[in-house]
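Visitor: I would like a close look at one part of this model, please. Could you take me through it step by step, with the cut-offs spelled out?

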Amino acid sequence: MALLEVNNLTKAFGGLTAVNDVSFSIEKNEITGLIGPNGAGKTTIFNLITGVYKVTSGNIIFNEINIENKDTYKIAQYGITRTFQNIRLFKKLTVFENILTACHNNAAYSLGESILFGGLPVFLNKKTRFYKEEKMLKHQAEELMEIMGLSDRRNFIANNLPYGLQRRLEIARALASNPKLLLLDEPAAGMNPDETEKLMELIMEIRDRFDLTVLLIEHHMDLVMGVCDNIVVLNFGCKLAEGSPFEVQNNPLVKEAYLGGE
Ligand SMILES: Nc1ncnc2c1ncn2[C@@H]1O[C@H](COP(=O)(O)OP(=O)(O)OP(=O)(O)O)[C@@H](O)[C@H]1O
């Protein structure tokens, strides 16, 4: 059974059909690329999978559960997390604080309680559940920072980080919720070739380390072809092709629609 099944998915915005009868599935631990020209419907599919948009028709099955039209928080609880095309961080917080706030989503108490009561004896007493949990979350944040290569920027304000590192920080925050399926929306956007190459290695590393399945939207073909096990090609909302990087690269329809002929 595939981890994610998208069946005959359609999304219409008034007269515009942004996603038209698209089906594909993703096996556990696979890295799948979702590619296509601008406006092909890629981000709309992310928004349908994560519950931001209601589907017009079709269904989405994750881990044997129907998730279409469920609330976004519920879908996140099932184990799907995403990053965004336009980076979403707490721009004025440090790298460590950004990751820690994401780790707090796993806590039995709220971030507000941690800020309000963090200095009180009940929190500072090493025997309390709060203290132990806070310590565990900080440890998790340190670990994520290390894995994502951000430890030396620990106290940098997020907004002051180079673009490539902001994208890494966003991925670190996404990983904090221990997802099963990670959706990456243009993770290499704005990165130079060297940063893109390192990101490719990182995506494969986190897949293995966190037992992840990844679906990514990307325009950098080097990254898509280098990292993906399977690629789904969209054009004008419809699925144009699907297959291994080799199959997709050699598909005449794809060459014509997206890769620009030869
Ligand atoms: N909320 C919305 N209301 C109306 N139309 C929308 C909405 N969201 C997306 N669309 C339209 O749906 C189509 C698909 O958009 P989408 O953002 O999914 O494309 P995309 O493949 O992700 O493009 P890009 O590579 O440029 O990000 C576009 O024509 C877009 O204008």
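Guide: Strand 7 (residues 181–185), helix 8 (residues 193–210) and strand 8 form a right-handed β-α-β unit. Helices (H or I, at least four residues) and strands (E, at least two) are DSSP runs, numbered from the N terminus. Right-handed is meant in this sense: with the strands pointing away from the viewer, the path from the first strand over the helix to the second runs clockwise. This is a predicted model, where local features need pLDDT of at least 70, side-chain atom pairs count only at pLDDT 80 or more, and totals for chains, interfaces and linings use all residues. Residues are numbered from 1 along each chain as its sequence is written.

Let's stay with strand 8, residues 213–217. Strand 7 pairs with strand 8 in the parallel sense over five bridges; two strands pair if DSSP finds at least two bridges between them. Within that pairing, Leu183 has Leu215 as its bridge partner. Strand 3 (residues 31–35) also runs parallel to strand 8, joined by four bridges, and here Thr32 stands opposite Leu215.

Now for the surroundings. Five of the five residues of strand 8 are buried, so this strand is largely enclosed by the rest of the structure. Buried means that 20 or more other C-beta atoms, placed from the backbone, lie within 10 Å of the residue's own. In a regular strand the side chains alternate between the two faces of the sheet. Both faces of strand 8 are covered, with buried Thr213, Leu215 and Ile217 on one side and buried Val214 and Leu216 on the other.

Notes. Buried ≥ 20, exposed ≤ 12 C-beta atoms within 10 Å, placed from the backbone.
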